[in-house]
Amino acid sequence: MLPESSSPHGEAKIGASADANGGVKNKAKASSADATYPQASAITSLRLDVLLSVGRHRLTGRAQRADGDARALEMALSLRQALQTKKTTPPEVELIPWHLGPEDDDTEAALRGYLGMGLDVIRWIKAPAAADAMAPLRASLTSPSAEDAYHRQARLALCGMRAEQGEGTGMLPMVLAEQLGWAWVPGVVALERIEAIEGRHRHAEDGEPGKVNDCEETALFRAIVLQALPQGQRRRLAVTLPAILGVDSAAPAARQSAFGPAQRGQLRLVESGEELVLDPAVEQWPLIPARARPKRLKIVTATSARDRFKAAASKAESGGGRVLADVSAEEGATAILSMLEAEGVLPTGGARYDQQGSPQGDGR
């Protein structure tokens, strides 16, 4: 998953932003004539959906629980425990773990690792590895809940930032949030609280803009989360629910998986009700384990140990590069090719294409 989202359903739906002093500025305003803001009651029901995937050990390659998804499940379990131990009337928390993937021994062993964290059941949507996961997951997250009879259930989905096998692009939660119309917040390290906000939405009747139906109303909720920023910085955000949170690797580590609960837990096979769409190109892709690219070492010419330590500990500053703004496509392509040649990705003096589309210097 990408560290930032350019989706219009991401930052545009976040209800508050952090100022320079770390505080939260509330941006909840009545901006529509179809919304009124009376006093809202407290949360009575909360549904937490957690998307779980199969991970791979970095050295042995054995199937195990994914680190990011395990941290997301740990965050959901901690939130449920904190809400159920409240002195006041605790809300009803419905925790639903989901997994979509093929049936094999490695997958079952990895899912047993999640069950050992304290789950009773995991809903498993069986699908081939080349199947598109968007439609089944979208139908699963929008499935009705028995606790949501009066549209007063807060909805929140959690997952890791990216998968540890397969494509691993990190685009799944972003695309899923865009298709659902939910907010997407990446890099979450803490889920502080969920609260009701003053508001209700009156839905239009039969699609006519002049008529509204006052009998049907939807409660508004928001979650206060802590987002990780580069260089160890943190930012507190208030996001309007429903939302999908991408849990960062800096979040609290997952609890140890116990063998007894892992064997007693159930893997329940469910049907999403959506037709699985297979991608024939994915079946032909050669997948190999990803390896970390070596970092360039900085040559230190200092003579004393103090100067060498300062040079090694100092933050690297990017002095090269330039920003391309208001340039033509040819100028941009030439700058990119020059950068790739300077980095050693392309051979120096390689063939370039002129305006007619033929390489220069090949005699044609």
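Before placing anything, I note that helices (H or I, at least four residues) and strands (E, at least two) are DSSP runs, numbered from the N terminus. This is a predicted model, so I keep in mind that local features need pLDDT of at least 70 and side-chain atom pairs count only at pLDDT 80 or more, while totals for chains, interfaces and linings use all residues. Residues are numbered from 1 along each chain as its sequence is written, and side-chain values use heavy atoms, with hydrogens and water left out.

Entry: backbone.
I looked up Q231 and found it in the loop between β11 and β12. Its phi is near 60 degrees, positive in a residue other than glycine. Q231 is exposed at 62% relative accessible area (buried is under 20%, exposed over 50%, partly exposed in between; 1.4 Å probe, protein chains only). D326 is not a glycine either, yet has a positive phi of about 55 degrees. I place D326 in the loop between α7 (305-313) and α8 (329-343), and D326 is exposed, with a relative accessible area of 85%. I also checked the peptide bond from L241 to P242: cis, with omega near 5 degrees. P242 sits in the loop between β12 and β13 (243-247).

Entry: salt bridges.
How many salt bridges does a search of the whole structure find? I get ten, counting a side-chain nitrogen of Lys or Arg within 4 Å of a carboxyl oxygen of Asp or Glu. E192 pairs with R236 at 3.0 Å, N to O. E192 is in strand β10 (residues 183-204) and R236 in strand β12 (residues 234-240), so this bridge ties together parts 44 residues apart in sequence. Both ends are partly exposed: E192 at 33%, R236 at 28%.

E195 has two partners on my list: R193 at 3.2 Å and R222 at 2.6 Å. R222 belongs to strand β11 (residues 212-228) and E195 to β10, so that pair links parts 27 residues apart in sequence.

Entry: surface charge.
Which residues gather in a patch of negative charge on the surface? I list D132, E167, D279 and E283. Patch members have over 30% relative accessible area and no salt bridge, with like charges joined within 9 Å; Asp and Glu count as negative. I find E283 in helix α6 (residues 280-283), exposed at 56%.

Methods. Patches are made of residues with over 30% relative accessible area and no salt bridge: like charges are joined within 9 Å, nonpolar side chains (Val, Leu, Ile, Met, Phe, Trp, Tyr) within 5 Å. Accessible areas come from the Shrake-Rupley method with a 1.4 Å probe; for residues, only the protein chains shown count as cover. The place of a charge is taken as NZ of Lys, CZ of Arg, CG of Asp or CD of Glu.
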